[in-house]
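Please examine the protein shown below and consider the questions that come after it.

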Amino acid sequence: MAVERKDHAAVLFSGGSDSTLAAAQMLDEFNRVTLLTFQPGFLLFIENTRVHARKLEQLFGSDRVRHEIISIKDTISDVLGANVMADLNEYGFNMASLVCLGCRLSMHAVAIAWCLEHKVPYLADGSIRAQSTIPEQMETVIRRNRRFYSEEYGIRHFSPIYEESESDRRLEELGIADKNKLKKQLVFN
């Protein structure tokens with residue numbers, strides 16, 4: 001018996017093993033998934049996100065998977081100020097945690113706007129418990145974000161692989177990743 005799928009969801013998509021596995025799981029539940037990759041203007045290798053996006057398209061169909069790379073440079077500038085790189089140079093590593101938080105807040109703000117504009121009421125991310133030392137992946141922060149998305153904007157937020165500990169192995173089993181130890185690589189292939 002075929003499972004009834006919901007129409008459309010978006011996924012915060014870094015192209016890494018966790019967000020890729022989250023997207024694959026959402027494709028089991030939804031007819032269409034849009035992969036939202038955000039470019040803050042200072043990340044290298046952003047084009048590598050296309051590798052796993054193409055793999056998802058091949059596995060699930062290009063009619064079901066769409067990938068967008070969206071600049072959030074202006075939003076980050078509004079959140080952190082216009083000269084993030086100069087701040088990183090001046091204040092060093094301590095500034096990096098603020099930049100990461102500002103980047104994540106900017107991603108959420110732009111994701112909300114995107115979902116509202118495109119009338120997509122579902123949004124997932126690749127947060128996992130194993131990375132819960134990072135504030136935005138702490139269970140309490142995720143629960144608070146879910147409530148915010150739902151109460152303020154009517155968007156259902158998911159972290160479908162939160163308990164997953166072997167996303168690279170699962171991606172290899174699905175035929176999406178070529179390498180079992182994807183997480184151990186510095187640059188995604």
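The following questions and answers concern this predicted model.

Q: In what order do the elements of the protein run from the N terminus on?
A: The protein has seven helices and five strands. Read from the N terminus on, these elements follow the order β-α-β-α-β-α-α-α-β-α-β-α.

Q: What is the radius of gyration of the protein, and why does it count as compact as a globular protein of its length?
A: For 189 residues the globule rule gives 16 Å. The value for the protein is close to this, so the protein is as compact as a globular protein of that length. Its radius of gyration is 16 Å.

Q: What percentage of the contacts between residues at least 6 apart in sequence join residues at least 24 apart?
A: A contact here means heavy atoms within 4.5 Å. Of such contacts between residues at least 6 apart in sequence, the share that joins residues at least 24 apart is 70%.

Q: How many Å apart are the mean positions of the positive and negative charges?
A: The protein carries 23 positive and 26 negative charges. The distance between their mean positions is 3 Å.

Q: Is Lys119 buried or exposed, and what is its relative accessible area?
A: Lys119 lies in the loop between α5 (93-118) and β4 (122-124). A residue counts as exposed when its relative accessible area is over 50%. Lys119 is therefore exposed, with a relative accessible area of 71%.

Q: What is the phi of Lys119?
A: Most residues other than glycine have a negative phi. Lys119 is not a glycine, yet its phi is positive, at about 55°.

How values were computed:
Residues are numbered from 1 along each chain as its sequence is written. This is a predicted model: local features need pLDDT of at least 70, side-chain atom pairs count only at pLDDT 80 or more; totals for chains, interfaces and linings use all residues. Side-chain values use heavy atoms; hydrogens and water are left out. Helices (H or I, at least four residues) and strands (E, at least two) are DSSP runs, numbered from the N terminus. The radius of gyration is taken over C-alpha atoms; the globule rule is 2.2 Å times the number of residues to the power 0.38. Lys and Arg count as positive and Asp and Glu as negative; His and the chain ends are not counted. The place of a charge is taken as NZ of Lys, CZ of Arg, CG of Asp or CD of Glu. Buried means under 20% relative accessible area, exposed over 50%, partly exposed in between (1.4 Å probe, protein chains only).
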